[in-house]
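Keep the viewer open as you read.

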Amino acid sequence: MQSLHDTHVKLLAFDILSLIPSSSHPNTVIRKGTHILSRAESLDIVTFWEHKSDRFLKFTIDDGTGCIPYVIWLNQLTSPYFSRRCPPDVRRIAEVAKSFATVVQIGVLVRVRGKVGVYRGNVQLTVVDVVVERDPNAEIVHEGGRSESISTKVGFDEGGGGGF
């Protein structure tokens, strides 16, 4: 099995939503039974947004093959998970998370990288970083990096034929 652990892999929503949890590798998922993933990258339009002040921001982006759920945790200053860390570091992490949350707006084209996980039986990505994409060609270039996913989804053979 090929490991892509700690590599942000460009995937379509269709691929992300078909990931299954790995029983042998904690905090990782398996793609098509052959690749172990822990991180993913996607780029598209924000279509849903739910904000719980000082707790989290949930949002989805839609790339035409499905909607990818993301979460930005905003509870670093109150979470026991961060209590053992250096307070200035925790404050900086909280500031970065809040800055990411201000970027996410419905209808905005964003590039998001996140850690892949499973929450209540569903795949969820925890945001590592998010950036508003201002280049109108970014979607096309990003999809070029996902050519395997696109050719598999569309049904092209490995030779790339496509009939163009």
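A contact here means heavy atoms within 4.5 Å. A word on the model: it is predicted, with local features needing pLDDT of at least 70 and side-chain atom pairs counted only at pLDDT 80 or more, while totals for chains, interfaces and linings use all residues. Numbering starts from 1 along each chain as its sequence is written, and side-chain values use heavy atoms, leaving out hydrogens and water.

**The overall layout**

The protein chain has four helices and eight strands. Helices (H or I, at least four residues) and strands (E, at least two) are DSSP runs, numbered from the N terminus. Read from that end, the order is β-α-β-β-β-β-β-α-β-β-α-α. Of the 164 residues, 37% count as buried, where buried means under 20% relative accessible area, exposed over 50%, and partly exposed in between (1.4 Å probe, protein chains only). The accessible surface comes to about 9,500 Å², with 54% of it belonging to carbon and sulfur atoms; these areas come from the Shrake-Rupley method with a 1.4 Å probe, and for residues only the protein chains shown count as cover.

**Helix H2 and what covers it**

Helix H2 takes in residues 87-103, and its end C-alpha atoms are 25 Å apart, which agrees with the 24 Å that its 17 residues should span at 1.5 Å a residue. That expected span is 1.5 Å times one less than the number of residues. Val90, Ala94, Ala97, Phe100 and Ala101 are the buried ones in H2. Looking down the helix axis, those buried residues fall within an arc of 120°, so they line one face of H2; the arc is that of the directions from the helix axis to the C-beta atoms. On the other side of H2, Arg92 and Thr102 are exposed. The cover over the buried residues of H2 includes strands S5 (56-62), S6 (67-73) and S8 (122-132).

**How the strands pair**

Two strands pair if DSSP finds at least two bridges between them.

| Strands | Bridges | Direction |
|---|---|---|
| S5 and S6 | seven bridges | antiparallel |
| S6 and S8 | two bridges | parallel |
| S7 and S8 | 10 bridges | antiparallel |

S5 and S6 form a hairpin with four residues between them, and Gly64 in the turn has a positive phi of about 95°. Five of the seven residues of S5 are buried, so S5 is largely enclosed by the rest of the structure. Val71 has Thr126 in S8 as its bridge partner, and Gly117 stands opposite Gln124 in S8.

**Val112**

Val112 lies in strand S7 and is buried, with a relative accessible area of 0%. Leaving aside residues up to four places away in sequence, Val112 touches several others, including Phe59, Tyr70 and Val127. The C-alpha atoms of Val112 and Val127 are separated by 6.9 Å, although the two are 15 residues apart along the chain.

**Aromatic pairs**

How many aromatic pairs does the structure hold? There are three. Rings of Phe, Tyr and Trp (its six-membered ring) pair if their centres lie within 6.5 Å; planes under 30 degrees apart count as stacked, over 60 as edge-to-face and the rest as tilted. Phe59 and Tyr70 are stacked, at 5.4 Å centre to centre with 15° between the planes. This pair links distant parts of the chain, Phe59 in S5 and Tyr70 in S6, 11 residues apart. Both Phe59 and Tyr70 are buried. Tyr81 and Phe82 pair edge-to-face, at 5.0 Å centre to centre with 85° between the planes. Tyr81 is exposed at 59% relative accessible area, whereas Phe82 counts as buried at 13%.
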